[in-house]
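Dear colleague,

Please find below the structure that I am handing over to you. My findings follow directly after it.

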Amino acid sequence: MNIAWLTTFLLVMILVSGMNAVDETDDLQGQIDNLKAQLAAAGYDRYSAYDLVWQSLHMAAAAACRGSTPTGGRGYWPNAVLTRDVKAKLNCAQLCSKTKYANCDAEVSIYGMNGKATENGQQVGSFYNYTCAGSLNGGSEVSSADEAIMGTTSSHYFSFCCCRK
Ligand SMILES: *[C@@H]1O[C@H](CO)[C@@H](O)[C@H](O)[C@H]1NC(C)=O
């Protein structure tokens with residue numbers, strides 16, 4: 001092979017590999033666009049997995065309040081669930097009274113472990129009634145890290161106040 005042929009051959013090789021690189025880049029960009037579209041369609045561009053679990057906790061707290069409130073939360077207004085941070089050393093009677101939902105009906109401290117259970121009879125959650133007057137125990141959503149919702153210990157609660165107008 002003379003030098004002219006070798007040069008042509010090398011040039012062609014470089015061009016071909018360059019074209020492949022462009023194709024692969026296009027392909028990767030297409031995959032990224034596709035993934036982004038799928039995430040957006042499913043709402044994951046707006047909420048993290050943590051946000052979704054925090055919302056589930058809030059739904060569970062509202063349901064627990066509905067069940068724990070003697071009247072079931074009747075009256076002329078929707079009733080409120082407030083988060084209680086034990087570090088603030090305020091009880092639910094005090095927290096409710098700071099809002100227009102001034103009457104405390106109940107305190108609920110609840111927790112559910114993340115992930116699917118694998119054994120019959122496995123503990124998947126925990127709860128406690130610290131009452132409207134209790135300020136020393138419960139939980140601390142506000143001062144917890146975002147990831148704390150994914151914790152797995154059964155002694156770990158989040159505390160909520162069930163307040164009525
Ligand atoms: C929680 O405890 C208080 C005080 O003992 C009690 O009055 C209330 O009925 C309890 N709530 C529930 C839902 O058992």
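What percentage of the contacts in the protein with a separation of 6 or more is accounted for by residues 24 or more positions apart? The share is 71%, where two residues are in contact if their C-beta atoms, placed from the backbone, lie within 7 Å.

Please note that this is a predicted model, in which local features need pLDDT of at least 70, side-chain atom pairs count only at pLDDT 80 or more, and totals for chains, interfaces and linings use all residues. Residues are numbered from 1 along each chain as its sequence is written.

Three helices and four strands are present in the protein, in the order α-α-β-α-β-β-β from the N terminus. Helices (H or I, at least four residues) and strands (E, at least two) are DSSP runs, numbered from the N terminus. Of the 165 residues, 21% are buried, that is, have 20 or more other C-beta atoms within 10 Å of their own, with C-beta atoms placed from the backbone.

Around the ligand lie Ser68, Ala106, Asn129 and Thr131, each with its C-beta atom, placed from the backbone, within 6 Å of the ligand. This shell comprises one nonpolar, three polar and no charged residues; Ala counts as nonpolar, and Asp, Glu, Lys and Arg count as charged.

Alanine 106 belongs to strand E2 (residues 103-112). Alanine 106 is buried because 22 other C-beta atoms lie within 10 Å. Beyond its neighbours within four places in sequence, alanine 106 contacts Cys65, Ser68, Thr69, Cys132 and Cys162. Arginine 66 is 40 residues from alanine 106 in sequence, with 9.6 Å between their C-alpha atoms.

With kind regards

Key
Buried ≥ 20, exposed ≤ 12 C-beta atoms within 10 Å, placed from the backbone.
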